[in-house]
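Please look over the sequence and the 3D structure below.

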Amino acid sequence: QVFSTPVKARRLPPHLFVPAPDVNSAWCIFQRRAEIPDVSPRQVSSLSGICFGERRKTLANNLAREFGREKAQAMLEQAGIDGRLRAEQVPGDGFLKLIKTLG
């Protein structure tokens with residue numbers, strides 16, 4: 001979501017795969033965003049790895065494991081993100097804001 005927008009191009013039925021799965025699949029095309037943010041893929045990958053490190057924990061807890069509770073809280077406040085959210089609830093621009101707090 002940070003660098004591109006996924007667009008479903010085609011539905012792929014189960015019979016196209018061996019063995020056939022119990023679900024439908026899709027072929028997606030990733031369209032580059034018109035404005036690319038001034039962050040590197042490595043920065044996004046590193047921070048998202050921290051934020052998604054333990055799936056069922058809140059963002060505040062995952063960040064605190066890496067940066068300490070005080071710095072994690074300061075980062076979340078500066079980025080304007082509720083620390084009670086889980087990483088999957090944060091939109092792509094939220095991760096950009098968090099990266100900027102490290103900068």
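How many aromatic pairs does the structure hold? The structure holds 1 aromatic pair, where rings of Phe, Tyr and Trp (its six-membered ring) pair if their centres lie within 6.5 Å. This is a predicted model, in which local features need pLDDT of at least 70, side-chain atom pairs count only at pLDDT 80 or more, and totals for chains, interfaces and linings use all residues. Residues are numbered from 1 along each chain as its sequence is written, and side-chain values use heavy atoms, with hydrogens and water left out.

**The aromatic pair**

- A pair of aromatic rings is described by the distance of the centres and the angle of the planes.
- The ring centres of Phe52 and Phe95 are 6.0 Å apart and the planes stand at 20°, so the pair is stacked; planes under 30 degrees apart count as stacked, over 60 as edge-to-face and the rest as tilted.
- Phe52 lies in the loop between α1 (41-51) and α2 (59-67), while Phe95 lies in helix α4 (residues 92-102), so the pair ties together parts that are 43 residues apart in sequence.
- Helices (H or I, at least four residues) and strands (E, at least two) are DSSP runs, numbered from the N terminus.
- Phe95 is buried, with a relative accessible area of 8%, whereas Phe52 is partly exposed at 36%.
- Buried means under 20% relative accessible area, exposed over 50%, and partly exposed in between (1.4 Å probe, protein chains only).

**Salt bridges**

- The structure holds 2 salt bridges, each being a side-chain nitrogen of Lys or Arg within 4 Å of a carboxyl oxygen of Asp or Glu.
- One of them joins the side chains of Glu54 and Arg65, at 3.3 Å from N to O.
- Glu54 lies in the loop between α1 and α2 and Arg65 in helix α2, so this pair ties together parts that are 11 residues apart in sequence.
- Glu54 is partly exposed at 33% relative accessibility, and Arg65 is partly exposed at 48%.
- Asp82 and Arg84 also form a salt bridge, with their closest N and O atoms 3.0 Å apart.
- Arg84 is exposed at 67% relative accessibility, while Asp82 is partly exposed at 33%.

**Ala26**

- Ala26 belongs to strand β2 (residues 25-32) and is partly exposed, with a relative accessible area of 38%.
- Leaving aside neighbours within four places in sequence, Ala26 is in contact (heavy atoms within 4.5 Å) with Lys8, Arg10, Arg11 and Leu12.
- Ala26 and Leu76 are 50 residues apart along the chain, and their C-alpha atoms are separated by 35 Å.
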